[in-house]
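Trainee: Pick one part of this model and take me through it slowly, please. I'd like to see what surrounds it.

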Amino acid sequence: MRSFAALRMTRCATRRGLLIALPLAVASGAIAQSTWYAVRGPGNAFFVDMPGEPVYKVIDTKSPGGTAFAYHSYSLEYRRLSFVAQTAQLPADIDLRQPRAYLQSVLDDRAQRLAGGKWTSVNWRDIQGVPAAESIGSVQGGSVLRQLVLLKGRRFVSLAYLAPADALRTPEADRFFGSLRLGA
């Protein structure tokens, strides 16, 4: 059986160890913080930060005129939050002469999946000199979808964030949307 003095020394050493380890863990971000990844779209189309390593997929699709093209999709499930970044080089048979009209058609298409079939809010603006729309809408089951769509020439970029209604504005979401940088 240990003596009281030995037990006291062990507790003091443990406390000292915690006092040293805790500031190091906080400084290194090891406590309650994820590892953020800088995601780079194909051909440096965009850069965005995600709170973990996303799953990358190529989604083959066709334009309304029948031209094949691909969406590059990066998705991440993080805690109770979902993050998706997508991009595509749109084919020539998609009319982009009026970028806002094209983005509106994207919003209209995606609104069909929302509760009530419409967005709660849509905010039109320019981001880094290109037309963009940020929208928010309720999804069946009490979740909320926040998305940003933009068009740079024939390059379409979309960021989406799905979360419970009480997590619409989180530091992770703000960093995700705020980190977007358009590339080539």
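Mentor: Let's go for helix H2: its buried residues pack against strand E4 (68–78), strand E5 (81–89), E6, E7, E8 and strand E9 (155–164). Bear in mind that this is a predicted model, where local features need pLDDT of at least 70 and side-chain atom pairs count only at pLDDT 80 or more, while totals for chains, interfaces and linings use all residues. Numbering starts from 1 along each chain as its sequence is written, and side-chain values use heavy atoms, with hydrogens and water left out.

Helices (H or I, at least four residues) and strands (E, at least two) are DSSP runs, numbered from the N terminus. H2 covers residues 99–111, and its 13 residues should span 18 Å at 1.5 Å a residue; the expected span is 1.5 Å times one less than the number of residues.

The buried residues in H2 are Tyr102, Leu103, Val106, Leu107, Arg110 and Ala111. Buried means under 20% relative accessible area, exposed over 50%, and partly exposed in between (1.4 Å probe, protein chains only).

Now follow Arg110 across to glutamine 147, as a polar contact of 2.8 Å joins their side chains. That term covers a pair of N or O atoms within 3.5 Å; within protein, one must be able to donate a hydrogen and the other to accept it, and residues adjacent in sequence count only if both atoms are side-chain atoms. Glutamine 147 sits in strand E8 (residues 143–152) and counts as buried because its relative accessibility is 1%. Leaving aside residues up to four places away in sequence, glutamine 147 touches (heavy atoms within 4.5 Å) Leu107 and Arg110, and its other partners include Trp119, Ala133, Glu134, Ser135 and Phe177.

Strand E6 (residues 121–127) and strand E7 (residues 130–139) pair in the antiparallel sense over seven bridges; two strands pair if DSSP finds at least two bridges between them. Their hairpin has two residues between the strands, and glutamine 128 there takes a positive phi near 55 degrees.

How far to trust it? The chain averages a pLDDT (the predictor's confidence in each residue, from 0 to 100) of 84, and 82% of the residues score at least 70. Over residues 1–32, though, the pLDDT is below 50. Where pLDDT is low, the predicted coordinates should not be read in detail.
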